[in-house]
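Visitor: I would like a brisk tour of this model. Let us take charges, ligand and backbone in turn.

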Amino acid sequence: MPELFIDGTWRDAGDGGSREIRCPADGSVVAAVSEGTAEDALAAVRAARRAFDHGPWRDTSALERAQILHRVADLLEAEKSEVARRESLDTGKRLVESEIDVDDIVGVFRHYAGLANADSGRVVDPGMPNVSSRIVHEPVGVCALITPWNYPLLQTSWKVAPALAAGNTFVLKPSELTPSTSIWLMNALTEAGVPAGVANLVLGSGARVGAPLTEAPEVDLVSFTGGLETGRKIMAAASATVKKVALELGGKNPNIVFADADLDVALDYALTAVFLDSGQVCSGGARLIVEESIHDDFVDELVRRAEKIRVGGPFDSGAETGPLISAEHREKVESYVAAGLAEGATLRVGGRRPDDPELDKGFFYLPTILDDCTADMSVVQEESFGPVLTVETFGGSSPDEFEDRAVEIANHTIYGLAGAVWTENAGRAERVARRLRHGTIWINDYHPYVPQAEWGGYKQSGIGRELGLAGLNEYRETKHIWHNTKPAAQYWFGEPAGEGA
Ligand code: TXE
């Protein structure tokens, strides 16, 4: 099956090799794809460049682009079960979660359909007669969109929908582990009316086809979601031609619980915060920071409940969470747990693979809680991206000191993507939320997001914003047009030559 979508047609890839896509829940082969070469990636860039420079797309009306995005949403609704099934086979995540993801993706396309014409510019007072002055938005140009494996089509929609809404063309490179829904998307975009060359797809590894996209001079913008190390490389590569760069690089997100919180609810959400999708969520609440006076009871109950969480494959209706994405990723998670134990953490539950022989072929890892952690441990500071909760405590001799200490611990990280605070004291909730150096803060909640609100990280969690109007603005240049409607010579530099001179 051809896997390069360039200039509106499916083509066979060059000799980039082939890859079997395996379901992480049982190792079964769910697809086989041939991958592209650097030359394929550059051919896709050239197609996107031509479509941007010479095609009609950038000049289509906002209304037309909005209609197309709505049609993509319609197709997603019509084919929801097939899209969710593909996503679950590639990622191993529970089907019900993939279905929720598809609903979210529909919402993202509709959101950007609504925003296609938002803030379409403004008139500025030039401060003089006979001049008009205005601000207009224009598409950035050719975008390289590089996406990860944890929410393959959702992360893709956060980039593709605003890129199209703003009138850009793009080359999409999904994670090599989860390409299936990107293939679906290219057909859906074509069916919805996206012209040839506007949307292009290359499959393959980051080094082989991702890196050339970030270096190509014809690319104007790179939007990437993935790991911190890769983000650093992409930023460096993009600097040679000063591309616009948008990065979402994950987090190490604090979940702070004060003793005055509704503890039953806080406890329930503390589990969801970290164990949803086996912890493979950029905003997952992997750091529990709990007030010392409630620590013992709170953690005992967490452990009791975590021990009962059922892991299983995507179509096992009794499963509460799924496998990790790959054998390598599970080894990485295991090495973080080992490092935590070596640094003095106490293993309270999990810390191993499940015994069930039925799960042997999958990359499962049991929900794990490490107690007695301190902010400097590598398992606390670095993103294990697995079902691993670390527990830290805070205390103090006055209410102010409690807050100071909780905030200090929660901000002790190079990341700054998200976090939560649990307390029934409204003033404290507001104070702490404002002091946390993270891009999204939930008060007495964890995980929800809406496409209308911005998403993005402080510090090394990234650059730029996704979703909301700011997400659209990442994909637009802003131009000032000054129109002198009655120019007159000023003769600053000498008089004009007189007649006959
Ligand atoms: O991500 P990579 P990996 C974090 C998480 C995880 C770690 C590594 O901690 O354990 O990252 O995961 C492409 N030029 N997140 O190795 O490598 C790659 O092909 C251009 C957080 O899977 O960052 C894929 O398409 N592209 C996260 C994408 O980058 C390159 C989600 C992501 O892969 C490239 C996933 C290069 N040089 C992992 N190298 C989040 N923020 O949600 C790789 N790629």
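Guide: A residue counts as buried under 20% relative accessible area, as exposed over 50%, and as partly exposed in between. One caution before we start: this is a predicted model.

Visitor: Which residue does E77 pair with in a salt bridge?
Guide: Side chains of opposite charge can pair when their charged atoms come close. Here the closest N and O atoms are 3.0 Å apart, and the partner of E77 is R110.

Visitor: How many residues apart are E77 and R110?
Guide: The pair links distant parts of the chain. E77 is in helix α2, residues 62-78, and R110 is in helix α4, residues 95-115. R110 is partly exposed, at 25% relative accessibility. The separation of E77 and R110 is 33 residues.

Visitor: How far apart are the closest N and O atoms of R305 and D268?
Guide: A salt bridge needs a side-chain nitrogen of Lys or Arg within 4 Å of a carboxyl oxygen of Asp or Glu. R305 and D268 form a salt bridge, with their closest N and O atoms at 2.4 Å.

Visitor: Which helices do R305 and D268 lie in?
Guide: R305 is partly exposed at 28% relative accessibility. D268 is partly exposed too, with a relative accessible area of 30%. The pair ties together parts that are 37 residues apart in sequence, because R305 lies in helix α10 (residues 295-307) and D268 in helix α9 (residues 263-275).

Visitor: How far is R305 from P367 in space, C-alpha to C-alpha?
Guide: In sequence, R305 and P367 are 62 residues apart. In space, the C-alpha to C-alpha distance between R305 and P367 is 10.0 Å.

Visitor: What separates E408 and R405 along helix α13?
Guide: E408 forms a salt bridge with R405, the closest N and O atoms being 3.2 Å apart. E408 is partly exposed at 48% relative accessibility, and R405 is partly exposed at 36%. The two are three residues apart in helix α13 (residues 399-411), so their separation is about one helical turn.

Visitor: How many salt bridges does the count come to?
Guide: The rule is a side-chain nitrogen of Lys or Arg within 4 Å of a carboxyl oxygen of Asp or Glu. By this rule, the count is 34.

Visitor: Now the ligand. Which residues around the ligand are the closest?
Guide: The ligand is surrounded by 26 residues. The closest are T147, W149, E176, K332 and E383.

Visitor: Which residue has a side-chain N or O atom 2.6 Å from an oxygen atom of the ligand?
Guide: A backbone N or O atom of G226 lies 3.3 Å from a nitrogen atom of the ligand. For G250, a backbone N or O atom lies 3.1 Å from a ligand nitrogen. The side chain with an N or O atom 2.6 Å from a ligand oxygen belongs to E383.

Visitor: How much of the accessible area of the ligand does the protein cover?
Guide: On its own, the ligand has 820 Å² of accessible area. The space taken by the ligand is the largest pocket. The protein covers 85% of that ligand area.

Visitor: Which element gives the most to the shell around the ligand?
Guide: The elements that give two or more residues are α7 (206-215), β10 (221-225), α8 (228-239) and α11 (327-342). With three residues, the one that gives the most is α7.

Visitor: Which residue has its backbone oxygen 3.0 Å from a polar side-chain atom of N411?
Guide: N411 lies in helix α13. At 18% relative accessibility, N411 is buried. The backbone oxygen 3.0 Å from the N411 side chain belongs to R435.

Visitor: Is S278 buried or exposed?
Guide: S278 sits in the loop between α9 and β13 (287-291). Phi of S278 is positive, near 55°, in a residue other than glycine. Its relative accessibility is 1%, so S278 counts as buried.

Visitor: Where is D7?
Guide: Phi of D7 is near 55°, a positive value in a residue other than glycine. D7 is partly exposed, with a relative accessible area of 27%. D7 is in the loop between β1 (4-6) and β2 (9-11).

Definitions and conventions: Residues numbered from 1 in each chain as written. Predicted model: local features only at pLDDT ≥ 70, side-chain atom pairs only at ≥ 80, totals over all residues. Heavy atoms only, no water. Helix = DSSP H or I, 4+ residues; strand = E, 2+ residues; numbered from the N terminus. Buried < 20%, exposed > 50% of the residue type's maximum accessible area, 1.4 Å probe, protein only. Near = heavy atom within 4 Å. Polar contact = N/O pair within 3.5 Å; in protein donor to acceptor, adjacent residues only side chain to side chain. Areas by Shrake-Rupley, 256 points an atom, 1.4 Å probe, with all protein chains shown as cover. 1 Å grid on protein atoms, 1.4 Å probe; cavity = no way out; pocket = protein on both sides within 12 Å on 5 of 7 lines; lining within 4 Å. Sits in = over half its atoms within 2 Å of the grid points.
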